[in-house]
Amino acid sequence: MTIQKHPDYSKETERLSYTKGYMQAIIQLAELNQGQHKTNLKEAMEGIGDSDSSLNYTSLLATSNFLNIAEGELKHLKEVLPRPYFARINFKAADKQEEEILYIGKISLHEPETQEPIVIDWRSPIANVYYDGRIGDVSYEAYGEEYEGNLSKKRQYKIEDGKLLDFRDVDLTTTDELLQESLAGKADHRLTEIVSTIQAEQNQIIRADLNRPIIVQGAAGSGKTTIALHRISYFLYHYADSFRPEELMIIAPNRMFIDYIGDVLPELGVNRIRQTTYIDYMQEAIGEKMKVRSPQAKLIKLVNGEWEDPTFEKWVSGFKGSLKYKKLLDRYISRIRLELCPKDDFMLEKYRLVNGTKLKRLYLTDYNYLSFQKRNDKIKEVLKSHLRQKKKMILDNIQKKYDTMLEQALFHVQNKEKRKQRVVDVMEWKEERFNTLQKEAKTAVSRYMKPLTPKKMLTYYKELFNDANLFAEVSEDILSTQQSERFRLYQQDLLAGKEFEVEDLAPLFYIKHKINGIPKEKRARNVVIDEAQDYSHFQLYALKAGLETDMFTVVGDLAQGIHSYRGLKSWKTVTEKILPRSNFMTLKKSYRTTIEIMDLANATLQLLKQDFPTVEPVVRHGQKPSFQSFEGEEEFAASVLKSVEESREKGCDLIAVIGKNDRECAVIYELMKKHSTEPVQLLLEHEPMNKGHLLIMPSYVSKGLEFDSVIIACYNDLYEQTELDVKLLYVAMTRAMHELHLISPDREKLLLHQLKEGILRP
Ligand SMILES: Nc1ncnc2c1ncn2[C@@H]1O[C@H](COP(=O)(O)OP(=O)(O)OP(=O)(O)O)[C@@H](O)[C@H]1O
């Protein structure tokens with residue numbers, strides 16, 4: 001049946017043009033308001049969207065005043081105009097007679113007079129029943145109360161450029177066709193908003209308790225990044241009155257990611273939030289000029305097999321990311337605290353102004369919650385205030401003493417000459433005494449505070465490794481004597497070269513927090529961390545401590561943990577020790593990849609010792625992955641080109657050739673430049689992609705990205721059955737949305753020989 005023949009078609013088209021007319025009117029009015037042309041409003045109104053009688057002048061005027069729209073909102077309204085809503089629900093609240101028809105879109109609009117909703121926002125409490133509720137009896141929560149009702153219809157619309165193209169009702173029996181259609185789309189629309197097709201398991205995460213941290217373990221392609229961004233939008237909607245977007249910070253793995261998400265956030269009505277990478281943020285917050293080695297440097301060396309002693313190098317990274325290292329630093333910080341803590345009495349000449357014990361107590365107990373620098377500032381204030389009060393008293397006493405002396409001179413010295421001399425002397429002594437005291441008083445506080453002022457934070461970090469005895473003491477029963485000394489020398493050597501590893505940033509940030517405090521303007525109240533499996537325990541802990549909040553949204557996938565030598569191997573410590581208030585949730589379905597590709601990726605994952613759950617692809621079929629072997633350069637190039645051609649024929653735009661490492665990719669790139677007729681781009685870092693080019697990149701660079709078609713090419717550097725190689729292969733496979741091709745000298749080089757028959761195309 002064509003949609004035009006649907007009995008509701010004309011009602012639906014009328015509704016659409018009514019909504020659009022209303023929105024257009026508001027847009028024009030808001031623009032008029034903004035232009036301060038209110039005087040001619042009435043004339044200007046003539047001819048505006050008057051197709052519907054309800055758009056009368058008064059109602060619009062009220063709306064325009066009521067909606068004295070901010071520029072950003074107006075822009076958003078214009079953006080949603082071509083698709084004012086995407087779904088509707090028929091809902092009868094338990095306490096009402098009438099069923100309501102509610103249209104769901106990306107903004108909310110109400111009739112100003114009747115307050116009847118024209119469109120409700122997807123983030124509003126009642127919209128939850130669209131995402132969560134099945135047809136029938138449902139409930140939703142709003143402002144702490146539970147509301148019940150009956151959902152009799154869920155209808156989805158396909159509206160493009162303001163035209164109604166299709167609509168269909170969703171119930172228990174129909175699969176979600178809109179989702180299917182959306183997933184069949186192209187990769188260059190990646191990370192668009194998915195408000196119309198959010199799935200129940202994803203909805204639960206978006207709407208999970210906003211006052212608690214959340215940790216999401218989500219399979220590759222399960223929508224972690226997408227869902228994190230939607231949760232931000234949901235959060236800001238709910239706390240619009242009490243939370244400024246600037247107080248929310250997304251920490252993305254690299255700049256490329258920020259470009260990606262940069263497109264989606266405005267579509268979700270989210271502006272002005274902070275977006276940064278871990279390294280950028282750390283450097284900014286630490287506030288010292290530092291040379292930090294590339295975060296990929298270690299991994300690349302590891303993948304290329306270039307480490308002299310990989311076991312030790314991995315151990316160093318692991319240790320620096322562990323809470324044991326935090327414990328070691330805590331001991332060191334404790335010593336610094338004692339060094340900086342006031343002990344002596346605060347004196348002005350022979351006068352004791354403040355008792356040392358009191359100052360010590362203030363520092364160690366009362367100001368315990370503050371950084372050392374801030375405690376220092378407070379102590380300084382205490383000293384200054386005591387000095388101010390007591391100086392006057394001391395000066396008065398001196399004054400009295402000399403007055404008495406003067407009196408004695410005047411009345412008891414008989415000899416005139418002697419008396420005169422005595423008076424002059426007393427006056428001079430007094431002045432001298434006053435001057436000395438004043439001078440003393442001027443510098444008393446700074447003299448007292450000088451030895452208590454913290455050194456530069458980087459100096460402290462370096463000193464820790466330069467002093468063998470000190471390090472041995474603070475590492476006692478944390479590291480063995482041998483480990484301790486080897487680690488100390490490693491660090492000493494590293495820092496002598498004025499370089500830091502990424503793993504040093506969390507310790508430095510933590511020390512800065514304890515010693516100087518992280519400046520308020522650098523802190524955030526709510527933090528979103530993507531690709532969290534690449535973070536270490538200490539990184540997460542330090543962020544929580546330094547930002548002084550546990551309001552974190554942490555999303556990641558342990559199966560893609562290619563940095564697990566420094567990162568997480570399980571979520572246990574994070575949920576139990578670092579973010580104990582958190583909700584832990586999982587996403588098991590993959591929305592990116594076809595069943596056939598996911599079968600292969602799952603089988604590859606099973607080669608690992610660690611037991612990762614099988615990822616369930618949503619029902620979307622495609623071709624089985626292909627495998628081609630080759631002999632020699634010519635055959636290799638021909639195989640890649642054949643895969644590219646096949647993918648292009650299937651309509652794939654974004655195609656990536658993924659090699660194991662940068663070495664391999666450089667070779668493939670040269671070969672492709674020679675043989676391919678299309679332009680080729682080599683991506684060794686996270687840099688902007690030239691869409692329309694054939695992209696060549698190492699497996700670790702592909703993490704977090706997605707392509708219509710992926711060609712995994714193994715020319716020289718084979719994948720071995722190690723944890724890292726299997727994960728790299730898994731990451732590469734799960735980048736594919738529609739097509740996957742594998743090329744290597746033989747199956748073994750891609751670990752395919754271990755897989756059961758039938759997974760690959762014959
Ligand atoms: N409910 C949905 N409706 C439509 N598309 C979706 C939905 N959920 C996820 N997707 C799509 O699935 C793809 C994967 O999403 P996303 O990149 O957020 O996943 P991820 O879990 O972060 O992946 P990875 O860990 O592999 O990088 C994207 O193209 C996204 O648009």
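I251 stands opposite I529 in strand β15, where strands are DSSP runs of E of at least two residues and helices are runs of H or I of at least four, both numbered from the N terminus. The structure is a predicted model, in which local features need pLDDT of at least 70, side-chain atom pairs count only at pLDDT 80 or more, and totals for chains, interfaces and linings use all residues. Residues are numbered from 1 along each chain as its sequence is written.

Strand β9 (residues 248–252) and strand β15 (residues 526–529) run parallel and are joined by 4 bridges; two strands count as paired if DSSP finds at least two bridges between them. Both belong to an open sheet of 6 strands with parallel pairing, in the order β10-β9-β15-β16-β8-β17. Because β10 (274–277) and β17 (583–587) at the edges each have a single partner strand, one side of each is left without a neighbour in the sheet. Neighbouring strands of this sheet are turned by 15° against each other on average, direction ignored. Angles run from 0 to 180 degrees between N-to-C directions, and axes are lines fitted to C-alpha atoms, for helices over the stretch in contact. Helix α9 (residues 255–267) lies across β9 and β10 at about 130° to β9, and helix α10 (residues 278–286) lies across β9 and β10 at about 100° to β10.

A second open sheet also has 6 strands and parallel pairing, in the order β20-β25-β24-β21-β23-β22. Its edge strands, β20 (626–628) and β22 (680–682), each pair on one side only. Strand β20 runs parallel to β25 (residues 736–743) and is joined to it by 3 bridges; the bridge partner of F627 in β25 is L742. Helix α25 (residues 662–675) packs on this sheet, touching β21 (655–659), β22, β23 (694–698) and β24 (707–713), and its direction makes about 160° with that of β23. Contact between two residues requires their C-beta atoms, placed from the backbone, to lie within 7 Å.

Helices α15 (residues 372–412) and α16 (residues 416–449) pack at an angle of about 175°, with their axes 10 Å apart. The two helices are therefore roughly antiparallel to each other, a term applied to angles over 145 degrees. The residues of their contact divide into 20 nonpolar, 1 polar and 7 charged.

The ligand is surrounded by 24 residues, the closest being T197, G223, K224, T226 and Y591. The elements giving two or more residues to this shell are α6 (177–183) and α8 (224–238).

Definitions and conventions: Near = placed C-beta within 6 Å. Parallel < 35°, antiparallel > 145°, perpendicular 65-115°, else oblique. Nonpolar A, V, L, I, M, F, W, Y, C, P; charged D, E, K, R; others polar.
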